[in-house]
Amino acid sequence: MADSNHIVKSPQSMTDAKTLSPSEGKGIPVSKSVESVIHADESYRMDYPEMGMCILVNNKNFHPATGMSHRSGTDADAARVVDTFRSLGYTVKPYNDLPCKQIVDVLQNVAKVDHSKRNSFACVLLSHGEDGLIYGTDGPLELKMLTSLFRGDRCQTLAGKPKLFFIQACRGTDLDCGIETDSSTDENMCQKIPVEADFLYAYSTAPGYYSWRNSSEGSWFIQSLCMMLKQYARKLELMQILTRVNRKVSEYSSYSNHPDFHGKKQIPCIMSMLTKDFYFPH
């Protein structure tokens, strides 16, 4: 958790990416309100008998051949996800340390289930990654292949219903050093923000960048996502909530004994293809 200065200090911050060798010049440290008038044709139906399933894949330990490090802190993320999504009414099914084939099998089986009595579907993936890829314990998988299992032509009982994917993983090895900005609307006139902030594009980070995780508290993204969902799920539309997640994550800064990895920033990336407003039911 960040301190009053929003700096994760102890233990050190880490990334969800493959460790680079010293020869590569860098080393990864060890370390609209619900009460407002909502037209039926503008928001998703939320009056089915069930909220839906939430599949959680929590990968912490990886085969040595992958070059991927142990993801300490991810169990804290997983616990928050289970607690938060259950509180939202989802039936959460957690899976730990799945190789690629098992991830595919789990999601294929879920896509074949009858979702006709459910409002939506959610999937949370906690792992290492690269842009367009998520890691099983034995190697990488294409995210597009996984999400395509739930397309309307493949999973017809979810057609026209929201399918939510939350992905905590790196999308590259770029480091966001942040930039100083002046704003009369902030308490502090001068503020350091991520360089990729304020683009309108829920990945944990922007394409090409590291995604940070604290070895005891978990990732910045999942901490912020669960916090904002619990605070605003009964008050705001989903995209408004995710904008607050962006803001919360942008307040963090990495803490590391390695100067190349100290004081770095992060901004999540929201790529919405929803066609209606999403309001969690009361």
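**Confidence**

The model is predicted, and the chain averages a pLDDT of 86, with 82% of the residues scoring at least 70. Over residues 1–10 the pLDDT stays under 50, and the model has 24 contacts beyond four places in sequence for them. Residues 21–37 also stay under 50, with 41 such contacts in the model.

**A histidine in a loop**

Let's turn to His-128, which is found in the loop between β4 (118–126) and β5 (129–130). Is His-128 buried or exposed? Its relative accessibility is 0%, and because buried means under 20%, His-128 counts as buried. A polar atom of the His-128 side chain lies 2.7 Å from the backbone oxygen of Ser-69. Leaving aside residues up to four places away in sequence, His-128 touches a set of residues including Thr-15, Asp-16, Phe-62, Met-68, Ser-69, Tyr-135 and Arg-213.

**Helix α4**

Helix α4 covers residues 220–232, 13 residues in total, and reaches 18 Å from its first C-alpha to its last, close to the 18 Å expected at 1.5 Å a residue. Buried residues in α4 include Trp-220, Phe-221, Ile-222, Leu-225, Met-228 and Leu-229. In general, residues three or four places apart in an α-helix point the same way, because there are 3.6 residues a turn.

**Aromatic pairs**

How many aromatic pairs does the count come to? The count comes to 11 aromatic pairs.

| Pair | Centre to centre | Angle between planes | Class |
|---|---|---|---|
| Tyr-210 and Phe-261 | 5.8 Å | 50° | tilted |
| Trp-212 and Phe-261 | 6.1 Å | 75° | edge-to-face |

Tyr-210 lies in the loop between β10 (190–193) and β11 (212–214) and Phe-261 in the segment after α5 (238–250), so their pair ties together parts that are 51 residues apart in sequence. The pair of Trp-212, in strand β11, and Phe-261 likewise links distant parts of the chain, 49 residues apart. Tyr-210 and Phe-261 are both buried, and Trp-212 is buried too.

**Charges over rings**

The charged end of Lys-161 sits over the ring of Tyr-48, 4.0 Å from the ring centre. Over the ring of Tyr-203 sits the charged end of Arg-171, 3.7 Å from the centre of that ring.

Terms used. Residues numbered from 1 in each chain as written. Predicted model: local features only at pLDDT ≥ 70, side-chain atom pairs only at ≥ 80, totals over all residues. Heavy atoms only, no water. Helix = DSSP H or I, 4+ residues; strand = E, 2+ residues; numbered from the N terminus. Buried < 20%, exposed > 50% of the residue type's maximum accessible area, 1.4 Å probe, protein only. Polar contact = N/O pair within 3.5 Å; in protein donor to acceptor, adjacent residues only side chain to side chain. Contact = heavy atoms within 4.5 Å. pLDDT = per-residue confidence, 0-100. Expected span 1.5 Å × (residues − 1). Phe/Tyr/Trp six-rings, centres within 6.5 Å; stacked < 30°, edge-to-face > 60°. Lys NZ or Arg CZ within 6 Å of the ring centre and 35° of its normal.
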